[in-house]
Amino acid sequence: PTYQERLEMIKKIVPNCKRVIVRIQPYMTEIKQDLLNNLPKLKEAGAYGITIEGMKFAKKKSGLVKVGADWCYPKDILERDYTLIKNECHKIGLAFFCAENRLRAMGDDMCCCGIAGLSGFTPNKFNLCHILNGDIVEPTSKMCEKGTAYCFKSMSQDTISGRFYSKEDFKSAMAYAYKKNPNGTKEMFGKK
């Protein structure tokens, strides 16, 4: 759909849902001014806010830095752009959420999907973004059940770890993932 068709979709969806959050992904520094110019149109269409995340590349590109397995814009460049975008959002009454893990705390809430304060929605705060940004969080009872850690299999990509994680609980796997490489994890999330 064209940009105008997307704006029309927002107008049709807004009366039938609790919130419309527009995801700006991938954010590329070259579109900053276009995005700033279009924020009022998003507000006018009825959007509650935006969530933003920078472009990630699988292969090395000049001027980018390696974060985990991806090549990304340096944190300071995104922080500069996101600060400007956040300020413009707030000027016109849009919420700002940051899906960029290294900068998640820049958002109006640590949960990047915009559910903060919505009745019937409870964010999962037992994750590395929250933990590394100082939130004191507890796992849910479900996260303590054996067999809930299978999602961690993707960290190893082998059959042995798949069998291991299928028997583990999410809480233990989260602790193991953090202990395995706390400095690397902290760097991924912008902590020193």
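Author: The questions and answers below go from the whole chain to single residues. This is a predicted model, in which local features need pLDDT of at least 70 and side-chain atom pairs count only at pLDDT 80 or more, while totals for chains, interfaces and linings use all residues. Residues are numbered from 1 along each chain as its sequence is written, and side-chain values use heavy atoms, with hydrogens and water left out.

Reader: How many helices and strands are in the chain?

Author: Helices (H or I, at least four residues) and strands (E, at least two) are DSSP runs, numbered from the N terminus. Along the sequence the pattern reads α-β-α-β-β-β-β-α-β-α-α-α-α. The chain has 7 helices and 6 strands.

Reader: What percentage of the residues count as buried?

Author: Buried means under 20% relative accessible area, exposed over 50%, and partly exposed in between, with a 1.4 Å probe and protein chains only. The chain has 192 residues, and the buried part is 38%.

Reader: Which strand is joined to strand 1, and by how many bridges?

Author: Two strands pair if DSSP finds at least two bridges between them. Arg-23 stands opposite Thr-51, and Tyr-27 has Gly-54 as its bridge partner. Strand 1 (residues 21-27) runs parallel to its partner, strand 2 (residues 49-54), and the bridges number 5.

Reader: What is the handedness of the β-α-β unit?

Author: A crossover is right-handed if, with the strands pointing away from the viewer, the path from the first strand over the helix to the second runs clockwise. Here the unit consists of strand 1, helix 2 (residues 32-45) and strand 2, and its hand is right-handed.

Reader: Which strands stand at the edges of the open sheet?

Author: The sheet has 3 strands in the order 3-5-4, with antiparallel pairing. Each edge strand has a single partner strand, so one side of each is left without a neighbour in the sheet; these are strand 3 (56-57) and strand 4 (65-67).

Reader: Which residue stands opposite Lys-56?

Author: Strand 3 and strand 5 (residues 70-72) pair in the antiparallel sense over 2 bridges. In strand 5, the residue opposite Lys-56 is Cys-72.

Reader: Is Cys-72 buried or exposed?

Author: The relative accessible area of Cys-72 is 2%. Cys-144, by contrast, is partly exposed at 38%. Cys-72 is buried.

Reader: Which residue has its backbone oxygen 2.8 Å from a polar atom of the side chain of Thr-148?

Author: Thr-148 is in the loop between helix 4 (128-132) and helix 5 (159-167). The backbone oxygen that lies 2.8 Å from its side-chain polar atom belongs to Glu-145.

Notes: Polar contact = N/O pair within 3.5 Å; in protein donor to acceptor, adjacent residues only side chain to side chain.
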